[in-house]
Amino acid sequence: MPRGIVTTFADGSVNFSRSRHPEHAERYAIAEEFVTVVKGLWRSWDPDPYVQDKARGIYIDVGKMHALNHEGRHFSVAGPLNVTSSEQGQPVLIQAGSSGPGQQLAARHAEVVFTAQQDIGAALEFATGLRKQVADAGRDPRHCLIMPGLMPIIGATEAEAHDKLAQLQSFTDQSNALAILAEQLAVDVSGFALDAPLPPLPSDIVVHSRSALLIRLARERNLTLRQLYHLVASARGHQIVAGTAEQVADHMIEWVRAGAADGFNIMPAYFPGGFEDFTREVVPILQARGAFRREYEGRTLRDHLQLPHPQRG
């Protein structure tokens with residue numbers, strides 16, 4: 001089971017003994033310490049601690065159990081963890097957040113990074129910068145996989161795929177979509193014209209990585225508010241690729257070969273049909289081109305992603 005590293009911009013402080021939501025930089029400081037603590041707890045046990053000697057009444061070798069004794073600014077945790085290590089040492093750490101502090105956190109800890117770039121140029125720029133930060137942090141960039149979100153809409157022809165996308169988007173509840181967009185942009189959009197380009201936004205809004213991506217996309221492509229809210233409501237700002245199975249496979253292979261991605265976080269538009277379309281039609285093409293495995297790599301997700309097992313210490 002993977003574990004996600006995500007700091008939210010939504011104010012959920014009321015559920016976590018806080019009177020206000022921490023500021024952006026503070027959230028990442030908390031996240032940094034939290035991840036450090038959790039990774040330390042996962043190292044509470046050496047391999048094979050079980051003795052299970054009934055005659056001597058010894059179940060476990062306590063010498064292979066280690067207290068953490070962490071005293072930090074945000075957390076105080078003695079440990080050890082009350083469960084021993086899993087087969088893969090620790091869960092695969094997946095990070096989402098592309099701001100400067102988010103990238104710094106990913107460079108130090110993440111093994112998979114979810115991103116939302118819309119074009120290959122921006123994705124390559126992000127990937128190149130993040131891989132350098134991973135290397136600067138003393139890690140192998142190959143052990144921090146970059147996986148943009150991708151929603152495939154597949155048809156027998158490109159026109160059929162676009163018709164399917166239009167039909168899916170016709171089901172969108174406008175008020176709900178506008179609410180999602182307002183949350184993503186951190187600004188009230190209820191007074192904006194739906195079929196006009198996104199107007200200038202207040203200068204005092206707090207821009208985070210996702211809102212910056214959406215604003216840039218709207219400006220570059222001259223999207224109307226309606227087009228923008230469809231994008232957000234459909235795929236939460238991730239790229240939507242509508243076309244034949246061959247075209248979807250072409251898109252994915254192009255990004256990976258260019259170094260803009262190591263893989264993709266596939267986001268089916270609906271279940272189970274959207275996922276079945278991808279696995280039945282796109283995956284065989286990727287396999288035929290040598291771009292996707294035919295057999296699993298091992299027993300765990302870490303094995304499948306070809307990530308190393310973490311070392312103690």
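1. A residue is called buried under 20% relative accessible area, exposed over 50% and partly exposed in between, with a 1.4 Å probe and protein chains only. Gln306 counts as exposed because its relative accessibility is 57%. Gln306 is placed in the segment after helix 10 (301-304); helices (H or I, at least four residues) and strands (E, at least two) are DSSP runs, numbered from the N terminus.

2. The model is predicted, with local features requiring pLDDT of at least 70 and side-chain atom pairs counted only at pLDDT 80 or more, while totals for chains, interfaces and linings use all residues. Residues are numbered from 1 along each chain as its sequence is written, and side-chain values use heavy atoms, with hydrogens and water left out.

3. Overall, the protein has 10 helices and 10 strands. Its C-alpha atoms fill a box of roughly 75 × 55 × 35 Å along the principal axes. Of the 313 residues, 42% are buried. Contact means heavy atoms within 4.5 Å; among contacts with a separation of 6 or more, 67% join residues 24 or more positions apart.

4. Strand 6 (residues 93-96) pairs in the parallel sense with strand 1 (residues 3-6) over 4 bridges, where two strands pair if DSSP finds at least two bridges between them. Within this pairing, Gly4 has Ile94 as its bridge partner. Strand 6 also pairs with strand 7 (residues 112-115), again in the parallel sense, over 3 bridges, and Gln95 has Val113 as its bridge partner there. From strand 6 the chain passes through helix 2 (residues 100-109) to strand 7 in a right-handed β-α-β crossover; right-handed here requires that, with the strands pointing away from the viewer, the path from the first strand over the helix to the second runs clockwise.

5. Helix 3 (residues 120-136) and helix 8 (residues 245-258) have axes that come within 10 Å and cross at roughly 35°. Axes are lines fitted to C-alpha atoms, for helices over the stretch in contact, and angles run from 0 to 180 degrees between N-to-C directions. The crossing is right-handed, a term for the near helix being turned clockwise from the far one by less than a right angle (anticlockwise for left-handed). Ile120, Ala123 and Leu124 of helix 3 meet Glu254, Trp255 and Ala258 of helix 8. The residues of this contact divide into 5 nonpolar, no polar and 1 charged. Ala, Val, Leu, Ile, Met, Phe, Trp, Tyr, Cys and Pro count as nonpolar, Asp, Glu, Lys and Arg as charged, and the others, Gly among them, as polar.

6. Most residues other than glycine have a negative phi, and most peptide bonds are trans. Gln52, in strand 2 (residues 50-53), has a positive phi near 55°, and Gln306 has a positive phi of about 55°. The peptide bond from Gly79 to Pro80 is cis, with omega near 0°, and so is that from Phe271 to Pro272, with omega near -5°. Pro80 lies in the loop between strand 5 (76-77) and strand 6, whereas Pro272 lies in the loop between strand 10 (265-266) and helix 9 (273-288).

7. Pro80 is also among the residues that Met65 touches, together with Ser44 and Trp45, not counting residues up to four places away in sequence. Met65 sits in the loop between strand 3 (58-60) and strand 4 (70-71) and counts as partly exposed because its relative accessibility is 33%.
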